[in-house]
Amino acid sequence: MTRARLILIGPPGVGKGTQSALLEERLGVKPLSSGVIFRSEIEADTDLGQLAKSYIDRGELVPNGITIQMMVKRLRSAEVRNRGFVLDGFPRTVRQAEALTEELEHEHIELTGVVSLEVEDEVVVERLSGRIGCTKCGEIYHSAAKPPRREGLCDKCNGPLLVREDDRPETIRARLRVFHENTQPVVDYYAAMGQLLRVDAVQEPERVFAQIVAGLGV
Ligand SMILES: [Zn+2]
């Protein structure tokens with residue numbers, strides 16, 4: 001077991017989830033995302049969970065301090081100490097990255113590396129905008145990669161298929177703008193620290209994975 005300690009950064013639709021899953025399957029590292037951590041703290045009804053929920057219920061963003069505390073609690077856990085981790089979707093901003101650096105130093109945890117999965121915006125728009133979802137059972141199709149047998153109808157339940165709001169090209173471009181504004185500086189931050197590995201994410205997932213493993217020496 002390698003106990004790799006990684007951060008994965010990349011725009012929506014770049015395949016972070018796929019790489020996280022491969023890292024877990026092949027290297028045994030524990031995937032951690034802020035969404036999953038929020039949910040488990042809220043379900044366990046911890047003090048931090050209750051605090052986070054009070055913001056989410058009001059439709060507000062959970063403050064950095066609370067997110068960081070939850071993250072650190074998880075990083076300190078025996079499971080994550082033993083398995084290593086791959087952070088997905090965190091840190092999203094330079095402030096979060098700086099806070100994370102401080103906490104990791106405090107805990108004497110050293111990162112193996114930070115992987116930036118890179119792809120042109122238009123490739124993301126093309127990949128995501130072909131997605132069509134079933135309005136009844138939620139099955140996802142893709143106009144090029146996984147078309148339904150009958151146009152506009154779900155193979156599984158005959159329900160009507162629709163392009164989801166999230167998958168409209170203008171929505172995807174707006175999400176990419178937010179990503180570039182907030183997260184590109186995070187990439188620069190880790191590059192300046194000499195911890196960044198850039199990987200061309202247009203390739204097949206297996207090749208992307210092989211480059212991550214080779215690049216980090218894990
Ligand atoms: Zn369906």
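In strand E3 (residues 85-88), Val 86 is the bridge partner of Leu 6. Strands here are DSSP E runs of at least two residues, and helices are H or I runs of at least four, both numbered from the N terminus. Two strands pair if DSSP finds at least two bridges between them. This is a predicted model: local features need pLDDT of at least 70, side-chain atom pairs count only at pLDDT 80 or more, and totals for chains, interfaces and linings use all residues. Residues are numbered from 1 along each chain as its sequence is written.

E1 and E3 run parallel and are joined by four bridges. E1 also pairs with strand E4 (residues 113-118), again in the parallel sense, over four bridges. In E4, Val 114 stands opposite Ile 7.

## Burial along E1

Strand E1 (residues 5-9) is mostly covered, with five of its five residues buried. A residue is buried if 20 or more other C-beta atoms lie within 10 Å of its own, exposed if 12 or fewer, and partly exposed in between; C-beta atoms are placed from the backbone. In a regular strand the side chains alternate between the two faces of the sheet. Arg 5, Ile 7 and Ile 9 point one way from E1. Leu 6 and Leu 8 point the other way, and all are buried.

## The nonpolar core

A nonpolar core is a set of buried Ala, Val, Leu, Ile, Met, Phe, Trp, Tyr and Cys residues joined through C-beta atoms within 7 Å. The largest one has 33 residues. Those with the most contacts inside it are Leu 6, Leu 8, Ile 9, Val 86, Leu 87, Val 115 and Leu 117. E1 gives the largest share of this core, four residues.

Two residues are in contact if their C-beta atoms, placed from the backbone, lie within 7 Å. Leaving aside neighbours within four places in sequence, Leu 6 is in contact with Val 29, Val 86, Thr 112, Gly 113 and Val 115.

## Helix H9

Helix H9 (residues 205-216) has 12 residues. From its first C-alpha to its last it reaches 17 Å, close to the 16 Å expected at 1.5 Å a residue. That expected span is 1.5 Å times one less than the number of residues. The buried residues of H9 are Val 208, Phe 209 and Ile 212. They cover an arc of only 100° around the axis, which puts them on the same side of H9. The arc is that of the directions from the helix axis to the C-beta atoms.

Cover for the buried residues of H9 includes helix H1 (16-27), E4 and strand E8 (196-200). On the other side of H9, Glu 206 and Ala 214 are exposed. Just after H9, Gly 217 takes a positive phi of about 65°.

## A three-stranded sheet

Three strands form an open antiparallel sheet in the order E6-E5-E7. Strand E6 (140-142) and strand E7 (161-162) are the edge strands, and each pairs on one side only. Strand E5 (residues 131-134) is joined to E6 by three bridges. Ile 140 in E6 is the bridge partner of Gly 133.

## The whole chain

The chain has nine helices and eight strands. Its radius of gyration is 19 Å, close to the 17 Å that the globule rule gives for 218 residues, so the chain is as compact as a globular protein of that length. The radius is taken over C-alpha atoms, and the rule is 2.2 Å times the number of residues to the power 0.38.

Of the 218 residues, 27% count as buried. Residues 24 or more positions apart account for 70% of the contacts with a separation of 6 or more.
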